[in-house]
Structures are given as structure tokens and as C-alpha cells.
Amino acid sequence: MAMIIDRRLDGRNKSAVNRQRLMRRYKQQIKKSVSDAINKRSITDTQSGEKINIPARDVKEPIIHHGRGGIHEHVHPGNKQFSQGDRVKRPEQSGQGGGGSQASNSGEGEDDFGFEISKDEYLDLLFEELALPNLVKTKVVAQSAKTLVRAGFSNTGVASNLNLLRTMRRAKGRKIAIASPYSKRCRELEQLLEQELERKPHNEEKIKSLREELALLRARIETIPFIDTYDLKFNQFIPQPKPITQAVMFCIMDVSGSMSQATKDIAKRFFILLYLFLSRSYERTDVVFIRHHTSAKEVDEEEFFYSRETGGTIVSSALKLMRDIVRDRYPTEDWNIYAAQASDGDNWEDDSATCRDLMIDSIMPYLQYYAYVEIHNQEHQGLWREYEKVGALFETFSMKQIRDTGEIYPVFHELFKRQEA
Amino acid sequence: MNTPSGKPGADGNRRTDTPPGRRVLSTESDWTFDLIEEYNQEIERIAKEVYHLDCYPVQLELISSEQMMDAYASVGMPIGYNHWSFGKQFVITEKNYKRGQMNLAYEIVINSNPCIAYLMEENTMTMQALVIAHAAYGHNSFFKGNYLFKIWTDAEAIIDYLIFAKNYVAECEEKYGIQEVEEILDSCHALMNFGVDRYKRRAGETLEDEPRVQSDRELILQHHVNELWRQLNINEPEKKENQTKRIPPEPQENILYFLEKNAPLLKPWQREIIRVVRKIAQYFYPQRQTQVMNEGWACFWHYTILNHMYDEGLINDSAMLEFMHTHTNVISQPDFDSPYYSGINPYALGFKMMMDIRRICEDPTEEDLQWFPDIAHTNWRETLDFAMRNFKDESFIGQYLSPRLIREFRLFSVLDDDREETLGISAIHDEVGYRAVREKLSAQYNLSHREPNLQVFNVDHQGDRTLTLRYYQDKNRPLSDTTEEVIKHLHRLWGFKVEIETVEEDGGTEITHRCPKPVSEELTIN
């Protein structure tokens, strides 16, 4: 008689540990293809990209078998026109058709090994060694927003916080406790009284005294107060710092004539990375796009990336606009503010000093982080030098130069490298 | 089998009539545990009482499709140690399954006692019946009866051994780190095909004893190795003797075995891991040699048993149609020029051959009488049973492939000589070609022909400990490019220089692979 066993409820993921081993072993390759993907793929793809395929040719497990060459003889089915002694042309690719030497070497397929990782796995890999700058500090120290949370009960408080249930429960308990010697005596007296009443003839004297004593005790029990200050219980609330779970990211880009589409593309990718990064760390991330030439304007994403303007460059116009927007819409007690600025380094010569002052006086003090990337491969100009002064004053300010697309990720990595606490 | 009852009211079709005492087991496609039990009882009765199959007790396990993928990923081992390659296998399986490319995920059966057969919960009742007949009685009786399995595998102990292996590997990971263990396993896997004894089973080694004697063995082995490599304080006469002594005394084809016993630098646990891989390779070795027979046998029996059930009225027309549909898919053989062609389908060849043997026994033609005088007009059941017990693919095809089948498959053989511009058709399905085709097909299933003949030849134990392997070339076939990779694994296990010497058919030798690569290129010129 056969045993029939239902194994369906047993663990389903017997291979999960083996999958982890696979990921662990090929981490370098997987990470590389992840960063390759970021460099190559278009931006919209990155944002919606949940799964990517990772070809990994190294995953093969080599075994020794016969190689090509020499004499191979193989039997195949389905002969149609051949007869013994015929000569036929060697097929282009062996495996199919006559004479394939690979046909029977099963398990040695020539396919690329690709496999999918989920979006989470993908982003984890992407941001693995990164952490938001000063995130820890923000959470614990720089919190000004507070919220009240329930924290048990207290004996004092305002009337509106009175906890009725607890209060009444205590009152009842107190009454029972205080009354208990009287109640006990009452029960004894009642018993005696009953005995006396049953006895014939009645001892009127005794009954009377018993009844008097009983009445006295009952009156005493009655006088125990219904509620006492001692009974009162209040709900307690204590203030607790509220983590700010929202961030706003300012994207500032120079769209003047000197910025080519290629430069903008590089900037675009940098912003995308930053956005992905922030949206993973905060419940809510707002993005404000500011573009500028000689004057700055807040625009939507589409316009930010794709419309063209020409003209000179005054960076301070964008910084002023950003300062105003922060003041009006993003109070620092509610928002973590990040900003990333991309430029080709051009600026109206007199303006750079203004920028520096603006940054030092009215922007940097409110920001979590300000990243400045300069995309070009020439000499640094005035703006870079002025910004260097800002960087000397604020740890939260950092600047880097990007030369071509392949450098974005390393630079991003560098900018946001996990800062040791 | 049963005479029609001819009950009034029964419809015209004789076969759907319910014979006395038998009724259709189910009409719905859904299965239930009760139904599986009923089907299994009937199948068991037919297999054992009607056809006298000798089987291990059966254990049927219902699993989900994910669990089936798990089972696939661990190459059919119900309990496997952890290794990334199984993860890779799982990812591939999962991908194929999700794309709907994989259609044969019906059954997995374990050569153990009791014989464990997995039934997938997605299967219909008819499919479950097919799988039970195919795996739980077909493969099962093959495992129990075939001589290779009897010699090389130990159905009683395999599960225990796999548990031991899993725990041992896990223990080593804990003690020595995942990375260390993974490296050893990688190297062993690369040489797995060269980790089997082909011709004899070492006496006194049963899988059952493994866990018990394992710790003793560590000591003994290390001692043995120490002896072998003792170099200091050797007396003069001993030294002379040492010089003449060869390691190995005779060429050793079981490379993993050789390394386990002789590699100088391995730690005891590493030797034990080599042993684990070697044991598992050995356990699967008979399966690799009997694919056509094993699948053919199982297909033959699911076909025969389900038809018998139908004849008895246990299953109805719609179940039979569903069964025939699946069965036809399983045994289909695309032609060589079809895009679906990927070699000869062992299910197709095996099934057709089994059916053909039965036909020759029962109803031989003139041709059959000439080719198979010894089996024509014999009891087909006994003849098949004999074939199942005493052959492997190579000899089975050599013995039983009939001209009729060669014609049916339109088999032809192609000679690919790299010195020629074109391919030659060396034999086809005609009078002069039958024997040649049969011979060549048989050779194709000869594992020692299919796999390179590579043996441990010598160790320079007085010098720099170079390990020399010899590849005996056959038909001018070189070793594959992957050899470059594998020799690195050999080097890792051996710990010193490793080289492969190719012995050409005319007797000339040349060192074709080395690890590590010589610093100066001059050295490669031999």
C-alpha cells in the first residue's frame, strides 16, 4: 500500500538560500550591470524600470568534454533525401542539422544567462553604499516639529483629559475597600437578626438593638463619597519629536546657450539618480525644477529638460528664486531640503560673488545638502572658485566635475558616500 | 480484457460499458486524496498482479509547482546541500516555467526505498494517474531491477546519505566559511563527471555506513596522505624504492577519488566534501547510462497500464483522450531539420523500442524472425523484463534496435571529419545500413565514448609534485575549450602544477594544457 503525503504546505522556497548564494557570488557583475544600465538607459526608463536583465556569461560551470574538430559521427532521425555515400555541405551552425557536435552535449547550452531582479533589489544594489548625508542628524537633532503621543495615565491633568473608565473603576474599588469592615458587621448582624426573628417568642429588646445598629452601619456605608480626588485618572500625553518624512529637491539647471543637449542629458541623469535616491529615503519627495539663463523660472519637468533657451547666464537669479520658494512653501521644520545644481560653469563674471553671498547667507543654513556638478572638460571658471569658498564653510556643500556620461554614477557615488557617524 | 456486459441502456460504445465489478473511478478532471488512493490501488493491482512488476514500496508526495521548481533546481535530489549553482538552476527553471516553455514538469521520481514520486497539484486526475503509472511503477521497477542500479546505487540509504551530506556541508560552512566551501564545491562540480568508478564497485563501501565512519576516515586518510608525502629522513634503501614507486600505480580514471586520497595539501574536511560530490555523481551515474531504457520502460508501462485501465472501464473516453494527447507529446520525435530538433528524444526511442520488442514477441514478421530468432514468439513480458534487467542504453540499442524501427525513425548517420570539406552520410535506413546505424547509435550512448578518456597518469613525487593527466585521444577529437577553466579547478584541489598530456592515436604525446601557465612560452614547446 502506497503512502500518500501532502507536501504542499511545506516550505516553498527551498531554493531561496541558493538564490542568495547566486546573488552573493555574482554581486560584482550584477552591480556593474546595474550601473551600466543607469548610464545607458533613458531617464524615463530608469524611473519606471522595475526589472532588468543581467547577462552574465561567467555563470557557466565548465566541464571537460570533447571539443570541435576531429571525427564525429552522429545518428539523426528523419532522413528525407540522403543515401549512403552522399556528401553534404557542412551546416553553418552545428547543433541543428546533420553533424552537429553539440547536439547531444545537453546542459551546455549557448544561451546567455540572464535573470531578473526586482526593482527593490535593483535599487538596493544601486544605493547600497550610499546614505543620505546627515540623515541621522536630521532625524534626531534638527527636529523642531513635535507631536503629542499617548503615554499611559497620570494622577494629574486637565479635566478634558479625564479618563472616565479608569476613574470610575478606582472609585468603585475604593468604596468597596473602605466599606468592607462595615459590610462584614452588617452581614453578621443580619444573620443574628434572622435567628432572633425565628426564635419564639421574640426577644423584642434584642431585635430592636440589632436593627438600630444595622441602620447605623448602613448610614455609614452611605456616607462614603461617590468620587474622590484620589480616584481621578487622566490620560497622559507627551510631546515627541516628529521625524520629517518629506523632502523637497531643487533641481537647478543652466539652460543658456552654452549648455548643449549632451550636457543637459548628463545633468538629467544626475537629477534622476538624486530623485530615485530621495524617493527611497522619504515617504514623500517633492521636486522643484528651476531653470535659468539670465533670469530664473520655475517650470515643470517636461519644460525643464526639453525646451531650449538661449542667452547669457546669471546663476544668482536661480538661487534667489530658490530662496524665495523655500521661504514661501517649504518651512524647514517640515521639510528636508536638498538641492542639486548642474551647470557648465559659465556665469556672468560679476555674478559669481553674489552667488557666494547668497549661498552663505540665505541658502546653505537651511539645506540638508547641496550638490553642485559642473559638466565640462575645460578650466574652471569664476563660479567654481567662489563655490569652493562656500564648500569650505559648509560640510553639507559638495561639488564635483563630470566629464562624460560614464562618470555620473561614480561621481554620484562619491557625493553621497556614506558618511561615518 | 473484460467481456462486454451488454447491459440494456448502455450506449453503443462497447468500451465505455461498465464491466461487472468495475466502475469508472472518476469523471471530473479534479483530483482528491481519496481518488489518488483509489487510482493508485488500481494501478498497483494492474502493475503487480497483471503484469508482475517488481517494485519498491511507493510514496506519493503532492507538491505545488514552486516546489516542483525547487526539486528541478536541485537536479532531482530531494535534499541537497546549498550551492549557488542550484540557485542558478532555479532561476533558469523559473524563467522557462513563467514563459511557458517548460512543459514536462509533470513528475520527478527518486531512486530510493520507498520510491518517492512527486505529483504536482496542478495536474488533472488523469495526469496524476499517468504520473503514478510512469514514475511510481515504471521507473520504480526499473530502479529495482536494472543491474546498474543494483550494483551502483543503494536505494535504502540514499536519503540518509543526502541528509548527511547537507548537514556536513552546512557544518563546514559554519566552521570554515561559505567562501571556502563554495570553492571546493565548484572545483568538485567541474570534475563531477570524472568522479565515478566505471567498472567496479569498491568493496565495503555502502552509503549507509557513511555518517558513522566519516570521522574515523578523516584521521586515516590524513595519515595515508602524510605517509605518501613523507620526504624527510628517508633512509637510502627506502629512497630507492620510493623512486621506482609510481603514484598512481596504474592510471586512475576516477580523478576525484584520486584527489581525495592523494592531494597533499587538502584538509580532512575538504577530502570529505570531494567524497560527497563523488558519491552523488556515482549515484547518478546509472541514470546517465540508462536514460533511453529507463524512460522507455516507464513510458511503456504508463501506456500499457492506462490502456489496461481503459479496457477494464476504470477510466472513461475523455480521460483516455487527455492521456493520449499528453503521451503523444512526450514521445514525439522531431526530424533532424525541424527547428524543434535537439537530438534523439530518449522517451521516443525508448518507448518505441519497448513496444517493438513486444510486437516482435507477439507478432513477428519474416524480417524479425531473421533478426531476432531468439525472442520471436516468446512471452513478451519475460523478454522485456530480461531486457530491462540486464542492459544499459548502449547494449540495449545494440541488441534490440530493429530494422523496422530504423525505418520508422528514418535514422541515418552523419560522419563529420574536420579534414574534409563536406559531411559524409555514412549509413542510412536501408538493407546495407541497418547494422551500421544500429552500431553507431549504440556507440552514441556509450558514455565512455561520449566523454573524453582522461586519466590520472603520474605524479612527480620526487620532484615538484606535478600532476600529469593523460587524455587518450579518440578520432582526433580535441578537448573542449572549457578544459582551460577546469584545469584551474584541478590545480586548486591538487595544490601544485597540473598538466594534461594528450596521447594521439599514433602514440605520440604532447602536453596540451597546463596550470599554472608556464612563465616562458618556450616551455610549451615539447
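**Confidence, sheet, helices and interface**

A: Chain A has a mean pLDDT of 76, and 74% of its residues reach 70 or more; pLDDT is the predictor's confidence in each residue, from 0 to 100. The model is predicted, so local features need pLDDT of at least 70 and side-chain atom pairs count only at pLDDT 80 or more, while totals for chains, interfaces and linings use all residues. Residues are numbered from 1 along each chain as its sequence is written, with chains lettered from A and ligands numbered from 1 in the order in which they are written.

Q: Which helix of chain A has the lowest mean pLDDT among its elements, and which the highest?
A: Helices (H or I, at least four residues) and strands (E, at least two) are DSSP runs, numbered from the N terminus. The lowest mean, 40, belongs to helix H5 (residues 135-140) of chain A, and the highest, 90, to helix H6 (residues 164-198) of chain A.

Q: In what order do the strands S6, S7, S8 and S9 of chain B lie in their sheet?
A: Two strands pair if DSSP finds at least two bridges between them. Here the 4 strands form an open sheet in the order S6-S7-S8-S9 (chain B), with mixed pairing. Strand S6 (453-459) and strand S9 (509-515) of chain B are the edges, each pairing on one side only. Strand S8 (residues 498-503) of chain B pairs with S9(B) in the antiparallel sense over 6 bridges, and B:Val498 stands opposite B:Cys515 in S9(B).

Q: How do helix H10 and helix H11 of chain B cross?
A: Axes are lines fitted to C-alpha atoms, for helices over the stretch in contact, and angles run from 0 to 180 degrees between N-to-C directions. Angles under 35 degrees count as roughly parallel, over 145 as roughly antiparallel, 65 to 115 as roughly perpendicular and the rest as oblique. The axes of helix H10 (residues 255-262) and helix H11 (residues 268-289) of chain B come within 9 Å and cross at roughly 160 degrees, so H10(B) and H11(B) are roughly antiparallel to each other.

Q: How many residues does each chain bring to the contact between chain A and chain B?
A: Two residues are in contact if their C-beta atoms, placed from the backbone, lie within 7 Å. Chain B gives 77 residues and chain A 52 residues. On the side of chain B, helix H3 (residues 84-98) of chain B supplies the largest share, 8 residues.

Q: Which strands join across the two chains?
A: Strand S3 (residues 71-76) of chain A runs antiparallel to strand S4 (residues 412-417) of chain B, joined by 6 bridges. A:His72 has B:Asp416 as its bridge partner in S4(B).
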